[in-house]
2 protein chains.
Amino acid sequence: MAEASSKFPEVQGGGSLIIAWQIKGKRVLVVGGGEVAAGRILHCLNADANVTVVAPAARLNPEVAYRVARQQVTHVDRNFEPADLDGADMVLVAIDDPAASTAIWTLCKQRRIPANIADVPPECDFYFGSVHRDGPLQIMVSTNGKGPRLASLIRRFIADKLPPDTGRAIERVGQLRAELRRVAPLPADGPRRMAWMTKVSDAYPWDEMCGLTDEDIANLLTFFPSGTVPSLDVLKGMRANPDADVTDVFDGSFGFSVGA
Amino acid sequence: MAEASSKFPEVQGGGSLIIAWQIKGKRVLVVGGGEVAAGRILHCLNADANVTVVAPAARLNPEVAYRVARQQVTHVDRNFEPADLDGADMVLVAIDDPAASTAIWTLCKQRRIPANIADVPPECDFYFGSVHRDGPLQIMVSTNGKGPRLASLIRRFIADKLPPDTGRAIERVGQLRAELRRVAPLPADGPRRMAWMTKVSDAYPWDEMCGLTDEDIANLLTFFPSGTVPSLDVLKGMRANPDADVTDVFDGSFGFSVGA
């Protein structure tokens with residue numbers, strides 16, 4: 001029994017559940033217009049939310065004022081009122097008024113609206129971290145409140161280490177998956193699609209995927225029915241102009257491989 | 001106007017809002033007991049949630065059965081029933097029954113319970129990613145659905161690059177922040193605390209923080225009233241036994257610095 005148990009990961013308590021919340025087209029209410037609010041607003045816009053900012057115009061910081069002027073967000077030029085919560089899918093509060101903050105938190109909990117009251121950990125359904133973004137790739141660093149500045153330093157450290165074309169490589173893999181679903185659309189094809197995609201990722205180092213052209217993706221798909229995956233050299237040789245070396249488009253990152 | 005605008009970050013749509021959800025002591029209902037459920041359960045236990053798994057005993061995979069046997073989760077030995085949602089703070093569904101999944105999703109939305117239906121993106125308030133964990137540090141990699149396997153490869157790539165003592169360094173910074181709050185507990189001390197912590201993180205490379213001893217932390221705190229931060233050498237010289245070189249505890253990672 002003890003033997004068998006060792007093959008499963010040990011529970012390591014004390015963490016958070018880190019999740020990618022989907023707020024595309026959802027209504028996010030931001031209460032406050034200072035620097036913290038500005039950061040929250042950008043996070044939400046990067047996730048395609050409909051953002052409403054409630055704060056007196058005089059208190060908007062330059063970045064928030066800029067987003068209002070560009071109509072990236074809807075602005076309500078006054079202090080918070082409870083009716084602002086009507087229809088809100090998420091509420092982010094960043095004001096210097098603990099009593100008002102707590103009142104908003106209480107209202108959110110009554111209405112079961114996920115909320116974050118900045119700097120008041122017990123009044124938060126969730127915390128923010130430091131996020132690196134490169135196209136479809138998002139990497140979030142959380143220190144679970146131990147060191148917010150450290151989170152930001154570690155995020156920059158990671159960004160420096162990642163191959164420059166990581167985002168583009170992920171786009172290519174996403175494109176391959178999408179086209180595969182067109183070629184083999186049935187739910188019954190699911191396991192075969194998954195098995196083949198696994199073979200593809202085993203065959204090519206992930207960062208090399210960014211060097212594939214649309215033509216390469218089309219050629220690669222012709223191997224799906226046989227369940228095989230060609231080497232990169234074979235794939236390259238299938239090009240209309242096979243002399244166009246695939247390495248030409250790699251910005252020197254060709255040959256890099258995971259863990260090397 | 002166009003000039004001024006350039007100083008603010010551009011919005012890059014198409015992402016998610018990556019957040020650290022707080023589920024310590026909260027009730028998470030997991031419907032299903034297969035491999036996907038096993039992964040979800042571990043994520044939730046690592047965040048100190050109270051997890052209930054609803055699935056017939058015969059369908060539990062070995063890892064889920066192990067967690068049930070160890071009483072790490074509560075097990076309800078049958079298929080899902082709507083009353084299972086009573087009191088649930090979050091619902092994670094991982095069953096091979098699209099109709100039943102959709103029915104659970106609909107009930108969750110009626111009750112405003114955050115939910116994730118595995119493999120059904122439109123029926124998810126949030127997605128999962130690949131998470132690296134090292135003590136208080138959590139790093140989550142999301143490809144926003146473009147390549148789940150890639151997310152896992154990138155997570156491993158990052159884990160390889162991070163200095164081995166990163167988690168311990170963060171613990172030390174957290175300890176320093178906590179003790180500082182004891183030394184200067186008033187809300188009015190907040191700005192001074194923050195300014196001094198900033199000085200500390202500017203003075204020491206983040207990964208070197210793990211080498212500090214409890215004695216070092218106590219000595220470092222004596223500098224707070226003056227608003228100064230000693231060099232690492234000075235701090236080391238203050239030890240009862242200053243000959244104990246601080247590098248001795250660094251496992252060779254001493255001297256590493258961000259971006260080097």
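Author: One definition to start: helix axes are lines fitted to C-alpha atoms over the stretch in contact, and angles between N-to-C directions run from 0 to 180 degrees. Also, this is a predicted model.

Reader: Ok, so at what angle do helix α6 of chain A and helix α5 of chain B pack?
Author: About 155°, with their axes 10 Å apart. Angles over 145 degrees count as roughly antiparallel, so α6(A) is roughly antiparallel to α5(B).

Reader: And which residues make the contact?
Author: From α6(A), A:T166, A:A169, A:I170, A:V173 and A:R177; from α5(B), B:P148, B:L150 and B:I154. By class that contact has six nonpolar, one polar and one charged residues.

Reader: What handedness does the crossing of α6(A) and α5(B) have?
Author: Right-handed.

Reader: What does UniProt say about residues 163-230 of chain A?
Author: The unreviewed entry annotates them as "domain: Siroheme biosynthesis protein Met8 C-terminal".

Reader: Switching topic: what's up with the phi of B:D48?
Author: Most residues other than glycine have a negative phi. B:D48 isn't a glycine, yet its phi is near 65°. B:D48 is in the loop between α2 (35-46) and β3 (50-54) of chain B.

Reader: And where does B:N144 lie?
Author: In the loop between β9 (137-142) and α5 of chain B. B:N144 also has a positive phi, about 50°, without being a glycine.

Reader: Is B:N144 buried or exposed?
Author: Buried, at 19% relative accessible area. B:D48, at 28% relative accessibility, counts as partly exposed.

Definitions and conventions. Residues numbered from 1 in each chain as written. Chains lettered and ligands numbered in written order. Predicted model: local features only at pLDDT ≥ 70, side-chain atom pairs only at ≥ 80, totals over all residues. Heavy atoms only, no water. UniProt positions renumbered as here; feature names shortened; annotations may be inferred. Helix = DSSP H or I, 4+ residues; strand = E, 2+ residues; numbered from the N terminus. Parallel < 35°, antiparallel > 145°, perpendicular 65-115°, else oblique. Left-handed = near helix turned anticlockwise from the far one by under 90°. Contact = heavy atoms within 4.5 Å. Nonpolar A, V, L, I, M, F, W, Y, C, P; charged D, E, K, R; others polar. Buried < 20%, exposed > 50% of the residue type's maximum accessible area, 1.4 Å probe, protein only.
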